[in-house]
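Please look over the structure shown here, and then read the notes that follow it. They are grouped by topic.

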Amino acid sequence: MSELELRPVRTRILTDKDNIVDMIAKYAKEDVGPDDVVSVAESVVAITQGRITRPEDMKICFLARILCRFVPQEGSLSSVYGMQSAMDAEGQWRVLFAMIIGMLAKVIGKNGVFYQLAGTQAALVDDVTGTMPPFDKCLVYGPHDPNGVAEAIKQRLGCYGAAVADVNDLKRAAVLGVSEGLDPKELARILIDNPFGNASQRTPIVIIKNYAKLEQKGQGGSLSAQ
Amino acid sequence: MEFLMIVVSIVVVVAVAVWLFIARQGDAEFEFKVEERTKFIVEELTEKTATFSCKVPFMNKGSQGGTIMDAYPRHLLPCEQYDGVEVSSRMELTTAPRTDNYFEAVIFTKGTGGTVVITVKFTAKNGDIKEALGQMHELCVDMPIDIVYQIVARTPWYIHKTRMIMTCGEIMSAIQAKSVAE
(Lines give C-alpha, C1' and ligand atoms only; values in the text may rest on other atoms or scores of the structure.)
Protein backbone atom coordinates (compact mmCIF):
# COMPACT_ATOMS: atom_id res chain seq x y z
CA MET A 1 0.00 0.00 0.00
CA SER A 2 1.28 3.47 -0.89
CA GLU A 3 2.15 5.72 1.98
CA LEU A 4 2.59 9.41 2.20
CA GLU A 5 6.28 10.22 2.13
CA LEU A 6 8.06 13.55 2.46
CA ARG A 7 11.19 13.61 0.35
CA PRO A 8 13.45 16.70 0.74
CA VAL A 9 15.49 17.64 -2.33
CA ARG A 10 18.89 19.21 -1.91
CA THR A 11 19.90 22.03 -4.26
CA ARG A 12 22.75 24.45 -4.61
CA ILE A 13 22.19 27.95 -3.23
CA LEU A 14 19.53 29.52 -5.42
CA THR A 15 19.79 33.21 -6.21
CA ASP A 16 17.92 35.89 -8.09
CA LYS A 17 19.70 34.69 -11.25
CA ASP A 18 17.67 31.47 -11.10
CA ASN A 19 14.17 30.66 -12.25
CA ILE A 20 12.50 28.65 -9.51
CA VAL A 21 10.53 26.44 -11.91
CA ASP A 22 13.66 25.62 -13.90
CA MET A 23 15.55 24.81 -10.72
CA ILE A 24 12.83 22.51 -9.40
CA ALA A 25 12.79 20.75 -12.75
CA LYS A 26 16.57 20.42 -12.65
CA TYR A 27 16.84 19.02 -9.15
CA ALA A 28 13.56 17.21 -8.56
CA LYS A 29 11.99 16.19 -11.86
CA GLU A 30 13.31 12.62 -11.82
CA ASP A 31 11.79 11.97 -8.41
CA VAL A 32 8.41 13.50 -9.12
CA GLY A 33 5.50 11.29 -10.19
CA PRO A 34 1.95 12.07 -11.28
CA ASP A 35 0.58 11.41 -7.78
CA ASP A 36 3.01 13.72 -6.02
CA VAL A 37 2.77 17.26 -4.76
CA VAL A 38 5.87 19.44 -5.01
CA SER A 39 6.28 22.01 -2.26
CA VAL A 40 8.87 24.75 -2.21
CA ALA A 41 9.98 27.12 0.54
CA GLU A 42 8.53 30.60 0.15
CA SER A 43 11.75 32.44 1.02
CA VAL A 44 13.61 30.67 -1.76
CA VAL A 45 10.85 31.53 -4.24
CA ALA A 46 11.10 35.15 -3.11
CA ILE A 47 14.88 35.16 -3.47
CA THR A 48 14.68 33.81 -7.03
CA GLN A 49 12.17 36.57 -7.75
CA GLY A 50 14.67 39.15 -6.55
CA ARG A 51 12.47 40.15 -3.64
CA ILE A 52 15.37 40.90 -1.35
CA THR A 53 16.94 44.10 -0.13
CA ARG A 54 19.92 45.13 1.97
CA PRO A 55 19.47 47.35 5.02
CA GLU A 56 22.23 49.53 3.64
CA ASP A 57 20.11 50.26 0.57
CA MET A 58 16.98 51.27 2.47
CA LYS A 59 15.80 54.71 3.48
CA ILE A 60 14.26 54.69 6.91
CA CYS A 61 11.29 56.95 7.61
CA PHE A 62 10.52 58.50 10.98
CA LEU A 63 7.40 56.37 11.39
CA ALA A 64 9.35 53.11 10.98
CA ARG A 65 11.78 54.20 13.71
CA ILE A 66 8.85 54.73 16.07
CA LEU A 67 6.58 51.82 15.19
CA CYS A 68 9.26 49.13 15.33
CA ARG A 69 9.57 49.95 19.02
CA PHE A 70 6.10 48.58 19.65
CA VAL A 71 6.70 45.16 18.10
CA PRO A 72 7.96 42.36 20.40
CA GLN A 73 11.56 41.45 19.71
CA GLU A 74 10.75 38.02 18.33
CA GLY A 75 9.07 39.55 15.28
CA SER A 76 10.82 40.56 12.08
CA LEU A 77 9.16 43.98 12.28
CA SER A 78 10.85 44.75 15.59
CA SER A 79 13.90 45.96 13.72
CA VAL A 80 13.70 49.31 12.02
CA TYR A 81 14.47 47.67 8.65
CA GLY A 82 11.84 44.98 9.06
CA MET A 83 9.28 47.67 9.80
CA GLN A 84 10.45 49.83 6.89
CA SER A 85 10.24 46.89 4.49
CA ALA A 86 6.66 46.20 5.59
CA MET A 87 5.86 49.87 5.03
CA ASP A 88 7.50 49.83 1.62
CA ALA A 89 5.46 46.79 0.64
CA GLU A 90 2.11 47.67 2.18
CA GLY A 91 2.18 51.44 2.66
CA GLN A 92 3.18 53.29 5.79
CA TRP A 93 -0.30 54.60 6.57
CA ARG A 94 -1.77 51.13 6.35
CA VAL A 95 0.86 49.83 8.74
CA LEU A 96 0.25 52.77 11.10
CA PHE A 97 -3.49 52.16 11.02
CA ALA A 98 -2.96 48.45 11.66
CA MET A 99 -0.63 49.23 14.56
CA ILE A 100 -3.14 51.57 16.24
CA ILE A 101 -6.03 49.15 15.82
CA GLY A 102 -3.81 46.22 16.82
CA MET A 103 -2.84 47.98 20.04
CA LEU A 104 -6.44 48.77 20.87
CA ALA A 105 -7.40 45.16 20.13
CA LYS A 106 -4.66 43.92 22.41
CA VAL A 107 -6.02 46.06 25.22
CA ILE A 108 -9.25 44.07 25.02
CA GLY A 109 -7.31 40.81 24.79
CA LYS A 110 -7.37 40.13 21.06
CA ASN A 111 -3.99 39.27 19.56
CA GLY A 112 -2.87 39.14 15.93
CA VAL A 113 -5.04 41.99 14.68
CA PHE A 114 -2.02 44.01 13.55
CA TYR A 115 -0.89 41.29 11.15
CA GLN A 116 -4.43 40.79 9.88
CA LEU A 117 -4.72 44.46 8.96
CA ALA A 118 -1.15 45.32 7.94
CA GLY A 119 -1.16 43.13 4.82
CA THR A 120 0.38 39.83 3.86
CA GLN A 121 3.89 41.19 3.37
CA ALA A 122 3.99 42.45 6.96
CA ALA A 123 3.68 38.86 8.10
CA LEU A 124 6.01 37.41 5.48
CA VAL A 125 9.04 39.71 5.65
CA ASP A 126 12.10 37.93 6.99
CA ASP A 127 14.53 40.21 8.76
CA VAL A 128 18.31 39.79 8.47
CA THR A 129 19.43 36.38 9.78
CA GLY A 130 16.15 34.96 8.48
CA THR A 131 17.79 33.02 5.66
CA MET A 132 21.10 31.35 5.00
CA PRO A 133 24.29 32.95 3.67
CA PRO A 134 24.72 34.88 1.48
CA PHE A 135 21.20 36.21 2.13
CA ASP A 136 21.58 36.36 5.91
CA LYS A 137 22.46 40.03 5.57
CA CYS A 138 19.33 40.79 3.55
CA LEU A 139 15.66 41.24 4.23
CA VAL A 140 13.53 38.85 2.22
CA TYR A 141 9.97 39.77 1.29
CA GLY A 142 7.21 37.26 0.72
CA PRO A 143 6.99 35.78 -2.77
CA HIS A 144 5.03 37.37 -5.58
CA ASP A 145 2.04 35.42 -6.95
CA PRO A 146 2.60 32.13 -5.07
CA ASN A 147 -0.47 30.57 -6.68
CA GLY A 148 0.94 31.33 -10.10
CA VAL A 149 4.30 29.85 -9.12
CA ALA A 150 2.63 26.70 -7.85
CA GLU A 151 0.60 26.35 -11.04
CA ALA A 152 3.71 26.82 -13.17
CA ILE A 153 5.54 24.10 -11.22
CA LYS A 154 2.63 21.71 -11.68
CA GLN A 155 2.45 22.36 -15.42
CA ARG A 156 6.20 21.96 -15.87
CA LEU A 157 6.63 18.77 -13.85
CA GLY A 158 3.33 17.10 -14.66
CA CYS A 159 2.71 16.32 -11.00
CA TYR A 160 -0.56 16.23 -9.12
CA GLY A 161 -0.02 19.64 -7.62
CA ALA A 162 2.40 22.13 -6.18
CA ALA A 163 2.56 24.48 -3.25
CA VAL A 164 4.59 27.38 -1.91
CA ALA A 165 4.94 27.03 1.85
CA ASP A 166 6.22 29.02 4.81
CA VAL A 167 7.32 26.54 7.47
CA ASN A 168 9.62 26.84 10.45
CA ASP A 169 10.90 24.76 13.33
CA LEU A 170 8.44 26.34 15.74
CA LYS A 171 5.62 24.15 14.40
CA ARG A 172 4.24 26.96 12.31
CA ALA A 173 3.27 26.15 8.76
CA ALA A 174 1.36 28.25 6.25
CA VAL A 175 0.82 27.44 2.62
CA LEU A 176 0.84 30.69 0.68
CA GLY A 177 0.02 29.37 -2.74
CA VAL A 178 -1.26 26.17 -4.30
CA SER A 179 -2.09 24.84 -7.70
CA GLU A 180 -5.76 24.37 -8.45
CA GLY A 181 -7.57 21.77 -6.40
CA LEU A 182 -5.21 21.51 -3.45
CA ASP A 183 -6.21 22.32 0.10
CA PRO A 184 -3.66 24.71 1.69
CA LYS A 185 -4.67 23.80 5.24
CA GLU A 186 -4.22 20.09 4.60
CA LEU A 187 -0.80 20.70 3.10
CA ALA A 188 0.15 22.90 6.06
CA ARG A 189 -0.71 20.04 8.39
CA ILE A 190 1.46 17.67 6.36
CA LEU A 191 4.41 20.07 6.38
CA ILE A 192 4.11 21.10 10.05
CA ASP A 193 7.29 19.26 11.11
CA ASN A 194 9.36 21.34 8.71
CA PRO A 195 10.70 18.73 6.29
CA PHE A 196 12.60 21.58 4.58
CA GLY A 197 14.98 21.44 7.54
CA ASN A 198 17.11 24.38 8.49
CA ALA A 199 18.67 26.64 5.90
CA SER A 200 22.09 25.01 5.99
CA GLN A 201 20.58 21.71 4.89
CA ARG A 202 19.79 23.35 1.54
CA THR A 203 16.62 21.40 0.90
CA PRO A 204 14.12 24.05 -0.22
CA ILE A 205 12.04 21.52 -2.16
CA VAL A 206 9.99 18.77 -0.56
CA ILE A 207 8.18 16.20 -2.66
CA ILE A 208 5.04 14.88 -1.01
CA LYS A 209 4.92 11.40 -2.53
CA ASN A 210 1.65 9.55 -3.21
CA TYR A 211 -0.54 12.46 -2.16
CA ALA A 212 -3.09 11.90 -4.91
CA LYS A 213 -3.43 8.15 -4.30
CA LEU A 214 -4.20 8.65 -0.65
CA GLU A 215 -6.55 11.51 -1.35
CA GLN A 216 -8.46 9.38 -3.84
CA LYS A 217 -8.77 6.62 -1.26
CA GLY A 218 -10.69 9.01 0.86
CA GLN A 219 -7.96 9.73 3.30
CA GLY A 220 -7.73 13.32 2.25
CA GLY A 221 -9.15 14.53 5.54
CA SER A 222 -6.57 12.70 7.57
CA LEU A 223 -3.40 12.71 5.49
CA SER A 224 -0.39 12.86 7.68
CA ALA A 225 3.30 12.55 7.10
CA GLN A 226 4.80 9.10 7.67
CA MET B 1 -9.39 77.88 19.78
CA GLU B 2 -10.11 75.79 22.83
CA PHE B 3 -10.56 72.71 20.63
CA LEU B 4 -7.21 73.39 18.95
CA MET B 5 -5.53 73.66 22.32
CA ILE B 6 -6.98 70.31 23.35
CA VAL B 7 -5.74 68.67 20.15
CA VAL B 8 -2.27 70.18 20.53
CA SER B 9 -2.14 69.09 24.17
CA ILE B 10 -3.08 65.53 23.26
CA VAL B 11 -0.42 65.42 20.54
CA VAL B 12 2.21 66.73 22.95
CA VAL B 13 1.25 64.24 25.65
CA VAL B 14 1.33 61.33 23.18
CA ALA B 15 4.70 62.47 21.78
CA VAL B 16 6.21 62.73 25.26
CA ALA B 17 4.78 59.34 26.24
CA VAL B 18 6.25 57.69 23.12
CA TRP B 19 9.59 59.39 23.69
CA LEU B 20 9.67 58.20 27.30
CA PHE B 21 8.72 54.68 26.21
CA ILE B 22 11.53 54.58 23.67
CA ALA B 23 14.06 56.09 26.06
CA ARG B 24 13.16 53.55 28.73
CA GLN B 25 13.18 50.70 26.22
CA GLY B 26 16.76 51.40 25.14
CA ASP B 27 18.54 49.34 22.52
CA ALA B 28 21.13 46.66 21.98
CA GLU B 29 24.68 47.56 22.96
CA PHE B 30 27.49 45.22 22.04
CA GLU B 31 30.88 45.20 23.68
CA PHE B 32 33.91 43.20 22.60
CA LYS B 33 35.88 42.72 25.79
CA VAL B 34 39.39 42.95 24.41
CA GLU B 35 40.81 43.40 27.89
CA GLU B 36 39.55 39.89 28.69
CA ARG B 37 40.96 38.25 25.60
CA THR B 38 43.24 35.24 25.81
CA LYS B 39 46.88 35.51 24.87
CA PHE B 40 47.80 34.69 21.30
CA ILE B 41 48.98 31.13 20.80
CA VAL B 42 50.69 29.60 17.81
CA GLU B 43 48.32 27.46 15.77
CA GLU B 44 50.78 26.55 13.06
CA LEU B 45 54.42 27.28 12.42
CA THR B 46 56.18 26.52 9.14
CA GLU B 47 59.38 27.82 7.66
CA LYS B 48 57.56 30.62 5.87
CA THR B 49 54.43 31.17 7.94
CA ALA B 50 53.26 31.56 11.50
CA THR B 51 49.59 31.40 12.41
CA PHE B 52 48.34 32.71 15.75
CA SER B 53 44.94 32.81 17.37
CA CYS B 54 43.27 34.29 20.41
CA LYS B 55 39.75 34.35 21.80
CA VAL B 56 37.78 37.50 22.57
CA PRO B 57 34.51 37.43 24.52
CA PHE B 58 31.70 39.79 23.68
CA MET B 59 28.31 40.60 25.07
CA ASN B 60 25.12 42.42 24.30
CA LYS B 61 24.95 44.52 27.44
CA GLY B 62 22.05 46.62 26.16
CA SER B 63 18.41 46.36 27.07
CA GLN B 64 17.22 45.00 23.71
CA GLY B 65 18.17 42.18 21.39
CA GLY B 66 20.42 43.01 18.50
CA THR B 67 22.01 41.47 15.43
CA ILE B 68 25.67 41.37 14.56
CA MET B 69 25.26 41.57 10.80
CA ASP B 70 28.92 41.37 10.02
CA ALA B 71 32.20 41.35 11.89
CA TYR B 72 35.82 41.07 10.89
CA PRO B 73 39.30 41.87 12.16
CA ARG B 74 41.23 44.70 10.51
CA HIS B 75 44.94 44.34 11.13
CA LEU B 76 47.09 47.42 10.74
CA LEU B 77 50.70 46.88 9.82
CA PRO B 78 51.78 49.52 7.31
CA CYS B 79 54.92 48.81 5.29
CA GLU B 80 56.36 52.12 6.51
CA GLN B 81 56.46 50.55 9.96
CA TYR B 82 57.54 47.03 9.04
CA ASP B 83 57.82 45.47 5.61
CA GLY B 84 59.12 41.99 6.45
CA VAL B 85 55.83 40.10 6.54
CA GLU B 86 52.49 39.85 4.81
CA VAL B 87 49.53 39.56 7.15
CA SER B 88 46.08 38.07 6.81
CA SER B 89 43.44 37.74 9.50
CA ARG B 90 39.99 36.32 10.01
CA MET B 91 37.40 36.04 12.72
CA GLU B 92 34.76 33.47 13.53
CA LEU B 93 32.40 32.56 16.34
CA THR B 94 33.53 29.66 18.50
CA THR B 95 30.01 28.29 18.10
CA ALA B 96 30.11 28.53 14.30
CA PRO B 97 33.64 27.73 13.15
CA ARG B 98 34.42 28.40 9.51
CA THR B 99 37.50 29.33 7.54
CA ASP B 100 36.12 31.59 4.81
CA ASN B 101 36.18 34.80 6.86
CA TYR B 102 32.41 35.10 6.31
CA PHE B 103 30.52 36.15 9.40
CA GLU B 104 26.97 34.86 9.34
CA ALA B 105 24.55 37.39 10.79
CA VAL B 106 23.40 36.32 14.22
CA ILE B 107 20.98 37.62 16.84
CA PHE B 108 21.90 38.03 20.49
CA THR B 109 19.19 38.74 23.00
CA LYS B 110 19.94 41.17 25.80
CA GLY B 111 22.43 39.90 28.34
CA THR B 112 23.81 37.20 26.05
CA GLY B 113 27.01 37.02 24.10
CA GLY B 114 29.69 34.69 22.91
CA THR B 115 33.31 34.40 21.93
CA VAL B 116 35.12 35.01 18.68
CA VAL B 117 38.38 33.47 17.59
CA ILE B 118 40.75 35.83 15.81
CA THR B 119 43.30 34.13 13.62
CA VAL B 120 46.32 36.02 12.29
CA LYS B 121 48.72 34.58 9.74
CA PHE B 122 52.14 36.07 9.04
CA THR B 123 54.02 35.11 5.89
CA ALA B 124 57.69 36.03 5.69
CA LYS B 125 58.66 37.97 2.58
CA ASN B 126 62.24 36.71 2.87
CA GLY B 127 61.13 33.10 3.38
CA ASP B 128 62.11 32.74 7.07
CA ILE B 129 59.26 33.60 9.42
CA LYS B 130 61.21 33.24 12.64
CA GLU B 131 63.80 35.69 11.38
CA ALA B 132 61.13 38.09 10.10
CA LEU B 133 59.20 38.08 13.37
CA GLY B 134 62.48 38.41 15.25
CA GLN B 135 63.24 41.61 13.31
CA MET B 136 59.73 42.82 14.03
CA HIS B 137 60.45 42.31 17.72
CA GLU B 138 63.80 44.09 17.50
CA LEU B 139 62.05 47.07 15.94
CA CYS B 140 59.39 46.99 18.71
CA VAL B 141 56.57 46.81 16.19
CA ASP B 142 53.20 46.11 17.79
CA MET B 143 50.27 45.46 15.48
CA PRO B 144 46.84 46.95 16.26
CA ILE B 145 43.84 44.87 15.26
CA ASP B 146 40.46 46.55 15.04
CA ILE B 147 37.47 44.31 15.59
CA VAL B 148 34.99 45.88 13.21
CA TYR B 149 31.34 44.97 13.67
CA GLN B 150 28.10 46.05 12.10
CA ILE B 151 25.05 46.11 14.34
CA VAL B 152 21.39 46.41 13.52
CA ALA B 153 18.70 46.57 16.18
CA ARG B 154 15.85 48.91 16.96
CA THR B 155 17.93 51.71 15.52
CA PRO B 156 19.50 51.89 12.03
CA TRP B 157 22.68 49.95 11.41
CA TYR B 158 26.01 51.26 12.53
CA ILE B 159 29.61 50.09 12.42
CA HIS B 160 31.74 50.12 15.51
CA LYS B 161 35.42 49.33 16.11
CA THR B 162 37.16 48.01 19.16
CA ARG B 163 40.94 47.98 19.12
CA MET B 164 43.25 45.37 20.54
CA ILE B 165 47.02 45.25 20.24
CA MET B 166 49.01 42.21 19.19
CA THR B 167 52.36 43.09 20.68
CA CYS B 168 55.67 41.92 19.29
CA GLY B 169 56.51 40.59 22.75
CA GLU B 170 53.38 38.49 22.75
CA ILE B 171 54.27 37.11 19.32
CA MET B 172 57.73 36.09 20.48
CA SER B 173 56.36 34.59 23.70
CA ALA B 174 53.90 32.51 21.72
CA ILE B 175 56.65 31.22 19.43
CA GLN B 176 58.87 30.39 22.40
CA ALA B 177 56.00 28.59 24.11
CA LYS B 178 55.45 26.58 20.96
CA SER B 179 59.15 25.68 20.77
CA VAL B 180 59.18 24.61 24.43
CA ALA B 181 56.07 22.50 23.93
CA GLU B 182 57.70 20.71 21.03
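Which residues does A:L139 touch, not counting residues up to four places away in sequence? A:L139 touches A:I52, A:T53, A:P55, A:Y81, A:G82, A:S85, A:V125, A:D126, A:D127 and A:V128, where two residues are in contact if their C-beta atoms, placed from the backbone, lie within 7 Å. This is a predicted model, in which local features need pLDDT of at least 70 and side-chain atom pairs count only at pLDDT 80 or more, while totals for chains, interfaces and linings use all residues. Residues are numbered from 1 along each chain as its sequence is written, and chains are lettered from A and ligands numbered from 1 in the order in which they are written.

**Surroundings of A:L139**

- A:L139 is found in strand β4 (residues 139-140) of chain A; strands (E, at least two residues) and helices (H or I, at least four) are DSSP runs, numbered from the N terminus.
- A:L139 counts as buried because it has 26 C-beta neighbours inside 10 Å, the scale being buried at 20 or more other C-beta atoms within 10 Å, exposed at 12 or fewer, and partly exposed in between.
- A:D127, one of the residues that A:L139 touches, is 12 residues away from A:L139 in sequence and 4.8 Å away in space, C-alpha to C-alpha.

**Domains of chain A**

- The domain assignment of chain A gives domain 1 (5-50 + 144-222) and domain 2 (52-140), with bounds that come from an automatic or database domain assignment.
- The centres of domain 1 and domain 2 of chain A, taken over C-alpha atoms, are separated by 26 Å.
- Eight residues of domain 1 of chain A are in contact with seven residues of domain 2 of chain A, and on the domain 1 side the largest share, three residues, comes from helix α2 (residues 42-48) of chain A.

**Sheet in chain A**

- Five strands of chain A form an open sheet in the order β1-β7-β2-β5-β6 with mixed pairing, where two strands pair if DSSP finds at least two bridges between them.
- β1 (5-9) and β6 (172-178) of chain A stand at the edges with a single partner strand each, so one side of each is left without a neighbour in the sheet.
- Strand β2 (residues 37-41) and strand β5 (residues 161-168) of chain A pair in the parallel sense over five bridges, and A:S39 has A:A163 as its bridge partner in β5(A).

**Sheet in chain B**

- In chain B, an open sheet of four strands has the order β6-β4-β8-β9, with antiparallel pairing, and its edge strands are β6 (106-108) and β9 (158-166), each of which pairs on one side only.
- Nine bridges join strand β8 (residues 143-152) of chain B to the antiparallel β9(B), and B:I159 in β9(B) is the bridge partner of B:Q150.

**Core and chain contact**

- The largest nonpolar core has 108 residues, and those with the most contacts inside it are A:V38, A:A163 and A:A165; such a core is a set of buried Ala, Val, Leu, Ile, Met, Phe, Trp, Tyr and Cys residues joined through C-beta atoms within 7 Å.
- β8(B) gives the most to this core, with six residues.
- Domain 1 (5-50 + 144-222) and domain 2 (52-140) of chain A both give residues to this core, so the core lies between them.
- Across the two chains, 15 residues of chain A are in contact with 20 residues of chain B.
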